[in-house]
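Here are my notes for your first look at this one. Have the model open while you read.

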Amino acid sequence: MNSTGSNQPVLIGQTGPLNGQRWAVNEALLIGRDTGCQVVIPDRQVSRFHARLTMTDKGIMIEDLGSKNGTMVNGNSITDPVYLNDGDYIQIALLQHFVFLSSDATMPLEVGMTALHERHGTLYLETRSRRVWIGNQEVLPPLSVPQFKLLQLLYDQPDKVVSRQELVVTIWGEEEAIGVSEQALDALIRRLRQRLAEIDPKHDYLVTIRGHGLRMDNPPE
C-alpha cells in the first residue's frame, strides 16, 4: 500500500478484499490480479491487468484495459477513458470497490468511525466516501449510485417533504427524467427501504406522504 501525501489524489479501497487500504495517485496506478500491479486484487474475477489510473495535465484519468468483467465509475460501465471527479466511486468486476478523492488533506484516516460523532441521528451518511451507517453498523455492500443520491437528497433536507419530481430530476438528471416512470422511482424507493431494513428492520427511514412526496425520519441515537 502506498502512503499518501496531504494534497495528493488518493484511491481508497472499500467493499472487497482491499477494504481500508489507500494509494496515492502520483503516477500511473495499475489495478489487476498480476503481482506486478501497484494495486493487486488476488481474485479470478479480476483480469491480470484490469484497469489503470493515469495522472494527466487535465486530471486523473481511468481506463479499462479490456478486462473480462469490466470497470464501473459511479455505476456506469466504461469502455473509453474517463476523467475522475472528487468522490467518484469505482468498481472492479463484481468484487472490489474504491472511492477516488482529489485530495486527502481533509480525509480522516478512518472514514466514518472518526466522523460518527458529527451525525445528528441514527442514520449517518458520509458524502465524500459515499458510505452509510445505521448506528455503528455500515450498510454493506455500498448503496448503488441512484440509491445514494435518493438517500442524500432526503438526508440533506431533514423533515422536509421532497416531491417525486424533485427526486426523479436529482437522481436521473433533467434530460433523462422525462422518460422515468413512476414504477421506476417506486422500485428504487422500495429497494432502498430493503437495504436499510437489512440493518434496522424496526424503523422506516423513508416516509411516504401520499400526494406530496417523501421525507426522511432519522431518529436521534
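1. The protein exposes about 11500 Å², and 48% of that comes from carbon and sulfur atoms. Areas here are Shrake-Rupley values with a 1.4 Å probe.

2. Before going on, keep in mind that this is a predicted model, where local features need pLDDT of at least 70, side-chain atom pairs count only at pLDDT 80 or more, and totals for chains, interfaces and linings use all residues. Residues are numbered from 1 along each chain as its sequence is written, and side-chain values use heavy atoms, leaving out hydrogens and water.

3. You'll find four helices and 17 strands (DSSP runs of at least four residues for helices, H or I, and at least two for strands, E, numbered from the N terminus). Of the 221 residues, 46% are buried, meaning under 20% relative accessible area with a 1.4 Å probe, protein chains only.

4. Now look at helix H2 (residues 164-172) and helix H4 (residues 182-197): they pack at about 80 degrees, with axes 11 Å apart. The axes are lines fitted to C-alpha atoms over the stretch in contact, with angles from 0 to 180 degrees between N-to-C directions. H2 and H4 are therefore roughly perpendicular (65 to 115 degrees).

5. Next, the largest nonpolar core has 30 residues, and Leu123, Leu150, Leu151 and Leu167 touch the most other members. Such a core joins buried Ala, Val, Leu, Ile, Met, Phe, Trp, Tyr and Cys residues through side-chain atoms within 4.5 Å. H1 gives the most to this core, six residues.

Terms used: Buried means under 20% relative accessible area, exposed over 50%, partly exposed in between (1.4 Å probe, protein chains only). Angles under 35 degrees count as roughly parallel, over 145 as roughly antiparallel, 65 to 115 as roughly perpendicular and the rest as oblique.
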